[in-house]
Amino acid sequence: MYGWVGVCDWAQSAGSQRRYRCLQAAWCLKMGHPLPDTDDQEDGCSSRRWLAAHIAETRSWLVFLLFLSQVAAGGASRQWFLKEPQNVTSIEGEVSMLECEVEAPSGVVQWMKDGLLLGPGRDLPGFPRYSVTGDEAAGVFHLQVSGVRLSDEGWYQCQAGQSGASLGIVSQMAWLEVLVPPGAPSFQELATGEVLDWVAGEEYSLTCCAADSKPESSVVFSKNGVEISTAETLVIQGSKDKVFSTVSTFRFIAEPSDNGKELRCSAINEALTEPKITTFSMNVLYPPQKPKVKGYDGHLLRVGNNLKLTCTSRGGNPSAALQWMKGEETVSRIWETDESTGILRSVLSYEVTQADNGVTLACEVSNRVTHFPLRTEVSLRVMFSAETVSIAGSSSALEGEGVSVSCTTSSSNPPARIQWWGHGVEFNISDVTYREADNGGMVAESNMSFVIQRSMDGTGLVCEALNEATLERRSAHLTIYVLYPPEKIWIQGPGEDTPFQVGTSITLSCFCSGGNPPATLVWTKDSTAVFGATPRTLGSVSALDLTFTSQPSDNQAEYRCTATHPASEGTLSAHTHVTVQFAPTSLTIVPPASGIHEGDGFTLVCQCGSSNPAAEISWVKDGKWIPGVKMGLERAEFGGWSVSSSLTLLAVAVDNGRHLSCRAETPVLHETLRTFHTLNILHAPRFQDDQVWAVEGQEHGAVVIPLQVSANPEVVTYTWSLRGESLVKDGPTRHHLKADGSLEIWNLSRFDAGTYRISVSNFEGVIEAFIKLEMIYSPRVSSISDPTEVEVGGSVEMVCTVDANPVRSGMVRWNWVGRGREVNDGDQIFEGNTTRLVLGEVTRSDAGTYQCSADNGIKPGVTASARLIVLFKPMIQKGVGLQKVAVVGNGSKSAILRCKAEGVPDVEFSWAKNGVTLGPEIPRYSHQTTHEGPLHTSELRVGNASALHDFGRFTCTARNSLGSDVADVQLIHMGPPDPPSNLMVLRVSQNSITLAWIAGFNGGVTQTFRVRYAERGSRNYLYADVYPPQDTTFTITGLRPGSQYNFSVNAINQLGASSYADGGLSLTVSTPGQSPFTMESLENLDVQGGGLTLPLPILIPLIILAISLLLLNIGILLWILRKMRVGHSSGTNAGKMKSFGVLELNDYGEDIQDITSDKSMFLKTSSEPSNNGSYDNCSSQYNQRGPYTRPRTFQETGTAGHGWLFQATLPDPRREFDSDEGIYEDVFEDPSFLRESSVALPSSSWPRPLDTDPGTVWDADRVVEADRSSGLTELLGELV
């Protein structure tokens, strides 16, 4: 817009109206409104043409003014356009270029878009996709738009600003048009992701949309490559401005032939060279053909025939299903499909049965399209014979009677022919009828009548049915019986006067002669049928034997035998009687009609039932016989006699519920019948002798207070109360009344103890009593001293009181939770349920939590905690790591100084530096305090610590109400660690020793430890790196039994190494056991005949070992000589190394950022490391895993007078140790090459040179010869 304002200013000479319209157009462009199309639209912005015309006119004026200004400038160097931007059309996403070239540019060249200046320079801030390209010196200022978007469409103009040498110039406007290709066309019906299913014959519509294109797209349908011209197309506004969506729809009727054809929708516009295409396969659903059935032509089938029917059908989408139906029942759903022909086939193998006659078998085919299955039917015709033949009619009759019989067959197809036979002769019977039956067959029936004669008895009659089609026959048989009556009946058995006792077995036999069939005999007892008799036949005489065990009811009973026969209307019978002796059948005591009250007189009557002979009655009470009064003799049932006796007594309460017995004795039978009567004497309630008057209950449990009460009537009211309050109430309660009146109490508490009152009443009276409930319960702490404070050295008493029952001596005890003082009985005063813990001369270690435990034998016990707080003045921790803090000291990092103090109550800290208190007014120093129980920590933060301003002594003062303590903390440079201290032995075995030590200050850098050791008398030291690196305990293995070793340890960090622990003193330790090669063992060897005799099992391994060592030494010697020749031939001066790395060291106190090592060097020397933490012998062998990395090198010149050139390796402090501890050994002495080298270390890093002698250095790749005359001899000696 601002560019347009400038243009409008230049156009002012054309008049105010022109300038107004120009400004109006600029405002419209800025606000995004349409431009005015004619001069009459003063307030509108509707067309770019209006703006273009006014811009052209304005531009003419501008060119003219520029020309005048350039002429006025007197021919100075003027800028003008060699090439102005032209209209450009680009496709969205491509790179578009608007060209602009200026001759002799002197002003700032900028591009403007839609009246908005994009800014000077070639990288346009705020427009990441816009950039100005080309050679600026050549005046090329092309505007490149990367990844063109629709929003980039608009008017663009190139401008060159005014300068001291030239006026500003403005190019013509160029229009950038952006074409947007359509997206992939989409079928709206497939938007949900479902498969379209069309049914043949139905009309459908299909819509395809090509969305958001510019200009609009052309959409075309085609089916199997044939374009569809009947589609209707509609163009609508797209999802955003300036883009359009084309929607095309066509209607069609689905046909079976369309199934599987490809339907394609393609979309194209000017932004595409090839259309975008979306396709899918049509899925048209159509029914299959009607099925065809082969294998049966309607011929007659036999039962058991195997019928094989084949059903076929063709086509259908989706694939159809075949099934066989028998009536309404499905008999098969198995079919197969020929994929090549599309034919569906189902084979039904069917075994014909009789029930299949007239049955319809149908083959049905269906799919999703068929509303009803397509069906083909066949009806079966089956011939079968009658399964059964039966004869109906009476098979027995009286002599001379007429008989009619009927013969009937079951269903048969065709109907059966019936024939009658008797005595092997066929009867000519033509009376045959037929009727329809099941399974489509017919039933045949034939009737025959004849007169019964006695000679026909037992004759067989046969009815035969013949199926003339199957030639199968069925028959039925009937045997004829002739009836006539019996002649005589009689009984055999004991006489009627013979007596039998109850339980005697008696047999009565009844006989009957004559009759056909034999007569039916039946025994009755007093007209009641008796079952269980045994029939038998003696020729023409039938018999029925009745055996029974005599019972009282058999006495004088009538036993009758009756004969019945179908040929006789009357009966024949005979009878007899039996005499049985039996004890009384019943014995009953009759009580008084009304209730018996205590103190009343009452009479009981004992009635004896029928007996034969009569019984004698007696009374028994409490085991004693009591005489009664006889009441006479009467005739009774079963022909026996009944007697009675009475007894009168006085009612007393103790007799209630007791038994009174009556006995009836029959002397002849030696049998006695007994009965008893329970006395029901009404009386008031009374406590029984076993009533309990004291009960014990346990807290949280349940208890039953038993009640032993007798009363009559037993309808008793029980009332329980405690301290005047009734206990059993309605609703939820802990008190429950049991059926016997006992009181059950749930969830007992100690407050339930007391004396319970019980009142018992019935209609006869009331009684009361008191029962005591004593509660026992587990302890509960009622009071405890918590917390308790005491100063160090003072005395304190802690009291714990519990509530418990029972209370036992010593049940309450104190103990201390922690380590230190043990609480014993001498520290405690036991006073029943209270125990006092008395502690004297309290120390800080006595502080902590004490527990009061109580256990009186009732679970669970109880435990309560009480805190003893010991007050003491502050005590600052002054251990290793707290007295020094090391930092770089260059002002780049902050330092934190920590001061830890123990004290109760809480401790307050203050800091001072060199005696000057550090207060909040010094911003570079800040501190904060944290409290964790008795431990208090103050951290002093020194911001951007500087060696010049901050290094020195800081004083920490800790105070509380009991006193104070002071400690100094030094802030120093980072450097090598301090040596460890207190090297000691933890464990010793025959081949290992475990060491421990106290770590020193780490120098401000993580430190590791190295153990040096040697067997006594050995010239060589062995070294072992401690792993894990920061551990202060380590086990050396592989030692020899019975040997003495010297041990020492030092610390190492990335800045150097400390001296050895305890001032360099070695720790001497001997391993237990005996050395395998001692003088005693050698002297005990058997030496005979000038030779040494060894056992064969020892001799053979020694010989093998000796040969192996010899071969190994020869191989090593040859390898060393070869290496020496290689090193000698490649150098120019003997005794000098061909190549050495140079160690790179940083200044002391600075962070070491790049010290790596994966190779190492062996160097034997007698000198020890210096205290400044650097290496003197530079020897370390690390057993590491990982890829090889060549060490970094250094080469510097010092003034020590000795030239040093060597390769050294140091541990990388940034790498985690990923291997076991390394063990290595010094093997050479005094490297003479150090004094010959021209390279030396600075004295600030290495304080003194090595005392070197001629020798040889061994590194991982080569042997370097220093002095061939003496070094080789020493080297070979060391290796051997």
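In which strand is the place of Ser96? In this predicted model, Ser96 sits in strand S3, which covers residues 96–98. Ser96 has a relative accessible area of 2%, and because buried means under 20%, this serine counts as buried. Its side chain is joined to the side chain of Ser90 by a polar contact of 2.9 Å. Once residues up to four places away in sequence are set aside, Ser96 touches Ser90 as well as Val88, Leu143, Gln144, Val145, Val148 and Leu176.

One of these partners, Leu143, leads on to the largest nonpolar core, where Leu143 is among the residues with the most contacts inside the core, together with Trp111, Tyr130 and Tyr156. This core has 24 residues, and the elements that give two or more residues to it are strand S5 (109–113), strand S7 (130–133), strand S8 (142–145), strand S9 (154–160) and strand S11 (174–179). The largest share, three residues, comes from S9. In soluble globular proteins, nonpolar side chains tend to be buried together.

The surroundings of Tyr156 can be followed residue by residue. Leaving aside neighbours within four places in sequence, Tyr156 is in contact with Trp111, Tyr130 and Leu143, and also with Leu98, Met112, Lys113, Gln172, Met173, Ala174 and Leu176.

Pro713 lies in the loop that runs between strand S63 (709–712) and strand S64 (717–722). Another cis peptide bond joins Asn805 and Pro806, where omega is about 5°, and the loop that holds Pro806 is the one between strand S71 (796–805) and strand S72 (812–817).

Positive phi values in residues other than glycine deserve a look too. Ser527 has a phi near 70°, a positive value, and is not a glycine; this serine lies in the loop between strand S44 (520–525) and strand S45 (528–530). With a relative accessible area of 71%, Ser527 is exposed. His700, which is likewise not a glycine, has a positive phi of about 70°, and its place is in the loop between strand S61 (694–698) and strand S62 (703–705). The relative accessibility of His700 is 56%, and since exposed means over 50%, His700 counts as exposed.

Technical notes: Residues numbered from 1 in each chain as written. Predicted model: local features only at pLDDT ≥ 70, side-chain atom pairs only at ≥ 80, totals over all residues. Heavy atoms only, no water. Core = buried A, V, L, I, M, F, W, Y, C linked by side-chain atoms within 4.5 Å. Buried < 20%, exposed > 50% of the residue type's maximum accessible area, 1.4 Å probe, protein only. Helix = DSSP H or I, 4+ residues; strand = E, 2+ residues; numbered from the N terminus. Contact = heavy atoms within 4.5 Å. Polar contact = N/O pair within 3.5 Å; in protein donor to acceptor, adjacent residues only side chain to side chain.
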